[in-house]
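Subject: Handover of a structure for your files

Dear colleague,

Please find the structure below, together with an account of what was found in it. I would be grateful if you would read the two side by side.

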Amino acid sequence: MAHFLTIHQLLEQLRAGELSSREATQACLDRVEKVDDRLNAFISVDAADALAQADAADQSRAAGEDLPMLGVPVAVKDVLAVKDQPLNCASKILGEFNSPYDATVIQKLRAAGAVVFGRLNMDEFAMGSSNENSAFGPARNPWNTDCIPGGSSGGSAVAVAADECIASLGSDTGGSIRQPAALCGCVGLKPTYGRVSRYGLVAFASSLDQVGPFTKDVRDAATLLQVIAGSDDRDSTNVPEPVPDYSAALSGEVKGLRIGLPREYQVQGMDPEVKAATDAAVKQLESLGAEVKEISLPHTEYAIATYYIIATAEASANLARFEGVRYGARLDGADPEEMNRKTRGAGFGEEVKRRIILGTYVLSSGYYDAYYLRAQKVRTLIRQDFLKAFEEVDLIASPTTPTPAFKIGEKVGDPLQMYLSDIYTISCNLAGLCGISVPCGFSEAGLPIGLQLLGKPFGEPDLLRAAHAYEQATDWHTHRPNLD
Amino acid sequence: MEMDLSRAVKLARIELTPEEEQRLAPQLGEVLQYVEKLNELDVSDVEPTAHATPLSNVMREDEPRESLSQEEALRNAPKTANGLFVVPKIVE
């Protein structure tokens, strides 16, 4: 039963000698064995390597060592480099790629004693909102396997929600941590841009990407963020801001904390059950002593258009490296250009092709000013909206997603409809903020609903404080899908 | 709105099947039409944002450091010879 534990519960038992890391790791591996053929959260698992790490952790503990996550099994999205393990970004184009080094966040996890295991399913190159764009097949929502788990970090959310691991890492470019966390009923935190190193994270949109934790409660999110945050001289966008003690923020005290509700987020298309659940969550925070007021983010309606220009432009440049020369699968051609074309045509899935072509288009001569430069300017306006709002409030609350999880296949043929489902999560990345999604209820059909809180740059302590206080007053985070 | 994909597809070096081209053109056209929305705004006095952080250039001393060995750097390449990446012939 150790797989059901949170990080702090497991650590307590490990420290008391009631449980070994090997037992906990084996419990996770058994759980994967039992449920993952239905869920497809994992692309692969190296059980022998996981157990070897667990044994090493048990030996360290027996020798008197203690570390922040010693012996805790953490699974990893297939977009982060783990030395000597495969890395595919859920794409065919990387072939048999095997990472020659550890990402900085993986090094930090190892230094904290964690057992790093598994390659978690995702939308190919983190492009998607449903995990349907995976060359390894879609991951499925543990609450209803006919439904999507969200994306792009679908596998990371499923693995935590279905107790196949104790916690996991994902990445968030426009909502890819918060959205699947909401749809699967777990906690997902996107740190401020620059808070966590991107070294060893395969780049999608470099000015938006950020690594973050998926956990079973807010305390765990604070613990895991503490481990992975901090400056890194191998990532020049990492901000050398001191890392505060995040668990110190979990005081349960929200008296006087000012929470803003954006007028513009009351959009058509918001599901009434989602609205009711998030309204109730805000009321709950108010009853705990937070001050709630309406705010305005006037450029909200431009966020999705801005995002899909900037993110695809950056992606088209970042994914130029997959050309069949340095890594992955290659299709032969008479000359290098033909080889590139064939390799990329066969290796990339359709959504990735769509985005690379769109990104190439908006950057190409004659269109650059009209699309890309204009989008960068609108990004400034969106960012200014938030900075102005944060003069009046400490946090911004909204639903994480406009609807609960939709059915697999429902939006596949309509990319624009899929993009529009990112409305509440996307601005956070454009503005360089931090955000968290916490469970705040269920639809009548039994699907989870998430409350999103956004904080100012490096405002993670306030985010965690409010999310934790809410969690203490409710029990949504303790619900588990029935997979027996 | 149908988008003329040919130039971007060529620049992106992605071979599309005729079926893919038929599917992608209207889909991308629709997305491009949607992003036209940004033309509603007057941005003439607005500075562009490339990054949301206040950082400018981050420098370090130009000193050699440990890096991947040649063998490690080549180990995932589809074709190598004599410590080099092999590509199709460029010059006749």
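In which loop of chain A does Cys89(A) lie? Cys89(A) lies in the loop between β2 (73-77) and α4 (104-111) of chain A. Helices (H or I, at least four residues) and strands (E, at least two) are DSSP runs, numbered from the N terminus.

Before the details, two remarks on conventions. This is a predicted model, in which local features need pLDDT of at least 70 and side-chain atom pairs count only at pLDDT 80 or more, while totals for chains, interfaces and linings use all residues. Residues are numbered from 1 along each chain as its sequence is written, and chains are lettered from A and ligands numbered from 1 in the order in which they are written.

The two chains

Chain A contains 15 helices and 11 strands. Its C-alpha trace spans about 65 × 55 × 45 Å along the principal axes. Of the 484 residues of chain A, 63% count as buried. A residue is buried if 20 or more other C-beta atoms lie within 10 Å of its own, exposed if 12 or fewer, and partly exposed in between, with C-beta atoms placed from the backbone. Among contacts in chain A between residues at least 6 apart in sequence, 76% join residues at least 24 apart; two residues are in contact if their C-beta atoms, placed from the backbone, lie within 7 Å.

Chain B has three helices and two strands, in the order α-α-α-β-β from the N terminus. Its radius of gyration is 22 Å, whereas a compact globule of 92 residues would have one near 12 Å. The C-alpha trace of chain B spans about 55 × 45 × 25 Å along its principal axes, and 16% of its 92 residues count as buried.

Where the chains meet

In the interface, 44 residues of chain B are in contact with 60 residues of chain A. On the side of chain B that touches chain A, α1 (6-12) and α2 (18-35) of chain B each supply at least two residues. The greatest share comes from α2(B), with eight residues. That side of chain B divides into 28 nonpolar, five polar and 11 charged residues. Here Ala, Val, Leu, Ile, Met, Phe, Trp, Tyr, Cys and Pro count as nonpolar, Asp, Glu, Lys and Arg as charged, and the others, Gly among them, as polar.

Tyr302(A) is found in the loop between β8 (291-295) and α9 of chain A. Not counting residues up to four places away in sequence, Tyr302(A) touches Val378(A) and Ile382(A), and also Lys37(B), Leu38(B) and Leu41(B). Tyr302(A) is buried, with 22 other C-beta atoms within 10 Å.

The core and a helix pair of chain A

The largest nonpolar core has 175 residues, and Val74(A), Leu80(A), Ile309(A), Ile357(A) and Ala466(A) touch the most other members. Such a core is a set of buried Ala, Val, Leu, Ile, Met, Phe, Trp, Tyr and Cys residues joined through C-beta atoms within 7 Å. Helix α9 (residues 303-318) of chain A gives the most to this core, with 10 residues.

Ala466(A) also takes part in a helix contact: Ala281(A), Gln284(A) and Leu285(A) in α8(A) meet Ala466(A), Tyr470(A) and Ala473(A) in α15(A). These contact residues divide into five nonpolar, one polar and no charged. The axes of α8 (residues 272-287) and α15 (residues 460-473) of chain A come within 10 Å and cross at roughly 100°. Axes are lines fitted to C-alpha atoms, for helices over the stretch in contact, and angles run from 0 to 180 degrees between N-to-C directions. The two helices α8(A) and α15(A) are therefore roughly perpendicular to each other, a term that covers angles of 65 to 115 degrees.

Backbone details

Most residues other than glycine have a negative phi, and most peptide bonds are trans. Cys89(A) has a positive phi of about 50° although it is not a glycine, and with 27 C-beta neighbours inside 10 Å it counts as buried. Phi of Asn40(A) is likewise positive, near 55°. A cis peptide bond joins Gly151(A) and Ser152(A), with omega about 5°; Ser152(A) lies in the loop between β3 (115-120) and α5 (154-161) of chain A.

With kind regards

How values were computed. Parallel < 35°, antiparallel > 145°, perpendicular 65-115°, else oblique. Rg over C-alpha atoms; globule rule 2.2 N^0.38 Å.
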